[in-house]
Amino acid sequence: MHFYLTTAIDYVNSRPHLGTAYEKITADVIARYKRLSGIETHFLMGNDEHSQNVYKRALERKMDPRAYCDQMEQEFRAVWKQLDISFDDFIRTTEPRHKAAVQKLAQRCFDKGDIYEGQYEGWYCVSCEAFKQEKDLVDGKCLLHPTLTPEWIREKNYFFRLSKYREPLLEHFKANPGFLRPENRRNEMLRLLESGLEDISVSRAGQLWGIPLPFAPDNVVYVWFDALINYAAAVGYGSDEARFAEWWPADLHIVGKDITRFHTVVWPAMLMSAGLALPAQVFGHGWVNFGGQRMSKSLGTSLDPSDVAARLGPDPLRLYLVKEISYGGDGDFTWDRYEERYNVDLANNLGNLVSRLSAMAEKFRASRLSPAGSGGRLAQVAEAALSRYRASMDALALHEGVAAAFQIVDAANEFIAETAPWSLAKKGEAGRLDEVLFEVAEAVRVAAVLLRPVMPASSAEILQRVGETTAPDALRLDRDGRWRSEGVRQIAKGAALWPRVEEATETGRAGSAERTRREEITVEDKPAAAPAEPARITIDEFMKVELRVAKVLEAEAVPKSKKLLKLKVDTGADQRTIVAGIAEAYQPEQLVGRTIVIVANLQPAKLMGVESNGMVLAASPEGGLPMLVAVDPSMPPGARVR
Ligand code: MSP
């Protein structure tokens with residue numbers, strides 16, 4: 001069994017942006033999932049070079065178009081490498097294998113009588129590289145490119161008899177309900193087919209940049225007719241027929257919603273005309289917007305995926321795009337939302353789980369965990385998650401697949417809180433402690449196997465830390481995604497996988513048009529660089545800090561802040577307001593009546609416009625949520641802590 005998967009090939013007049021990268025990331029998740037499922041997979045990507053925009057951009061840069069495309073290929077490849085995209089082949093439309101395929105297919109259609117000479121007169125949007133009808137324009141502008149004026153062209157063209165294929169296409173859609181997914185796009189295409197099809201131009205006259213039509217070499221093939229053929233060219237059409245017979249038809253074309261018509265009407269008609277089989281499925285994903293706006297270089301709403309990946313790493317970006325956007329629908333990226341999800345899913349949830357497991361394994365069992373019992377509640381959670389994961393991934397509901405993996409992570413964190421391994425250790429319940437630790441380690445292992453397609457490098461790191469010995473590329477869902485109640489696990493410790501975003505460097509967010517101020521609690525008051533050896537202080541110095549018991553009287557959120565709570569506390573001597581950075585760990589109502597410890601003699605400071613008189617003491621584990629320092633509730637407010 002094998003699986004041939006493709007993405008749209010990108011125009012190279014500019015670098016990839018987060019939207020084009022989204023498509024490649026989601027396709028990569030599918031390719032990796034197929035491989036994890038033991039299916040031989042061929043994953044194709046590439047560049048679309050015969051566009052007028054590409055030609056113009058090369059001339060603007062005073063470069064030979066071919067040399068310009070060579071340079072852009074390197075830029076694209078570097079971004080895909082940084083994002084860990086595991087394509088098996090990368091095709092360029094200027095390659096000889098592609099030219100051979102285009103000429104062969106065009107000739108076939110011509111011989112069949114499906115290409116004829118005619119005259120085109122009408123609008124052309126250079127940015128879409130598409131002929132537009134009056135009804136496609138609003139106020140004379142293309143909907144997707146409202147800042148540009150379409151060109152009126154009048155030229156001798158060769159036309160493809162698309163209209164002839166309306167009935168066969170309708171039949172194909174009806175006989176194959178899964179041909180175009182998701183359902184809303186299928187309905188849209190069915191309506192279009194039902195309303196009738198016109199023949200389309202497949203050549204451009206008087207242009208130098210493109211592939212000559214074999215039967216009329218003064219004309220170059222229209223860029224879309226040219227580009228679509230890449231999927232067949234890459235697996236040998238016109239150059240290696242044995243290979244083509246092995247891999248064609250494609251199993252899945254992943255494309256954006258703006259180009260589903262080309263892929264589900266024009267391309268299948270071309271294939272029917274040439275007597276070739278149709279791809280099994282086309283999936284039209286939605287848009288990734290930036291701060292609610294369409295990603296566009298000219299509007300300043302474009303994000304470079306390299307900048308985003310450089311900030312917190314490629315895996316957090318991959319996770320965000322796959323988990324937060326329901327696949328098929330539109331989604332949005334904002335820095336705030338991205339950092340928030342990073343902190344919740346990675347720093348506090350998965351990262352914290354991995355750190356706690358290795359810390360407990362080291363402390364209680366010298367990092368060696370032996371199997372005990374046959375797996376309790378977490379084993380059931382993991383089994384159920386695996387079947388949900390499979391069903392979702394097979395249906396291309398990628399967001400639900402990742403959510404299923406995270407159900408194991410959530411359940412493992414809850415399990416630790418409930419079983420409290422540290423008190424089992426204290427009470428000497430060695431057998432139960434063995435069971436609990438092994439169960440948590442196994443849950444982490446299964447979650448990491450399921451997360452492999454989305455976060456390849458992080459998954460490999462976690463698997464190594466929980467003692468999985470299978471090489472990441474050799475993992476198989478059937479065998480390794482199931483619960484294992486045997487095998488001693490050597491747990492390895494390591495640095496925090498995802499430090500909370502406050503701790504990450506400020507170097508990122510480069511290239512962002514939306515540089516919102518981050519809520520830092522005391523950025524301005526950063527101490528001078530710490531000395532290499534921590535300096536010791538005298539008791540007198542320590543006693544200068546007035547630590548006192550206080551009681552929380554009122555608590556409320558600070559408007560527009562994710563981290564800050566405003567507390568009114570009784571210090572024994574007065575009632576005052578203290579602003580504390582604990583909102584992610586506590587609900588305001590949980591705090592009222594609580595006995596806490598404060599620094600009582602701190603100079604007042606304004607935080608998000610609220611004056612704070614003092615500071616609340618809390619322990620902040622690396623990568624985890626702050627936890628208030630507790631004293632016995634019988635201690636009266638004002639008691640000195642020393
Ligand atoms: N060259 C054509 C495709 C030819 S395929 C035979 C093309 N290129 S593109 O560079 O403009 O777009 C590449 C892919 O990125 C397309 O599938 C397009 O829909 C997708 N996206 C472009 N902007 C996007 C977003 N903002 N969000 C998600 N996908 C986006 O079209």
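Trainee: Where does K560 lie?

Mentor: K560 is in the loop between strand 21 (547-557) and strand 22 (565-570). Keep in mind that we're looking at a predicted model.

Trainee: Why does K560 count as exposed?

Mentor: Exposed means over 50% relative accessible area. K560 has 81% relative accessibility, so it counts as exposed. Its backbone is worth a look too: K560 has a positive phi of about 65 degrees although it is not a glycine.

Trainee: And S367, why is that one called buried or exposed?

Mentor: For buried, the value has to be under 20%. S367 comes in at 13% relative accessibility, so it counts as buried. S367 also has a positive phi, about 70 degrees, and isn't a glycine either. You'll find S367 in the loop between helix 13 and strand 19 (368-369).

Trainee: What makes Y320 and Y338 an aromatic pair, and what kind is it?

Mentor: Ring centres must lie within 6.5 Å, and planes over 60 degrees apart count as edge-to-face. Y320 and Y338 are 5.4 Å apart centre to centre, with 85 degrees between the planes, so by those cut-offs they're an edge-to-face pair. This pair links distant parts of the chain, with Y320 in helix 12 (residues 314-324) and Y338 in helix 13 (residues 335-365), 18 residues apart. Both Y320 and Y338 are buried.

Trainee: How many aromatic pairs does the structure hold?

Mentor: There are 30 aromatic pairs. Ring pairs also tie Y4, Y231, Y237, F244, W247, W248 and W267 into a cluster.

Trainee: How do you know that K104 lies over the face of Y237?

Mentor: One test is that NZ of Lys is within 6 Å of the ring centre; the other is that it sits within 35 degrees of the ring normal. K104 is at 4.9 Å from the ring centre of Y237 and is listed as lying over its face. R261 does likewise with F262, at 5.0 Å from the ring centre.

Notes. Residues are numbered from 1 along each chain as its sequence is written. This is a predicted model: local features need pLDDT of at least 70, side-chain atom pairs count only at pLDDT 80 or more; totals for chains, interfaces and linings use all residues. Side-chain values use heavy atoms; hydrogens and water are left out. Rings of Phe, Tyr and Trp (its six-membered ring) pair if their centres lie within 6.5 Å; planes under 30 degrees apart count as stacked, over 60 as edge-to-face and the rest as tilted. Helices (H or I, at least four residues) and strands (E, at least two) are DSSP runs, numbered from the N terminus. Buried means under 20% relative accessible area, exposed over 50%, partly exposed in between (1.4 Å probe, protein chains only).
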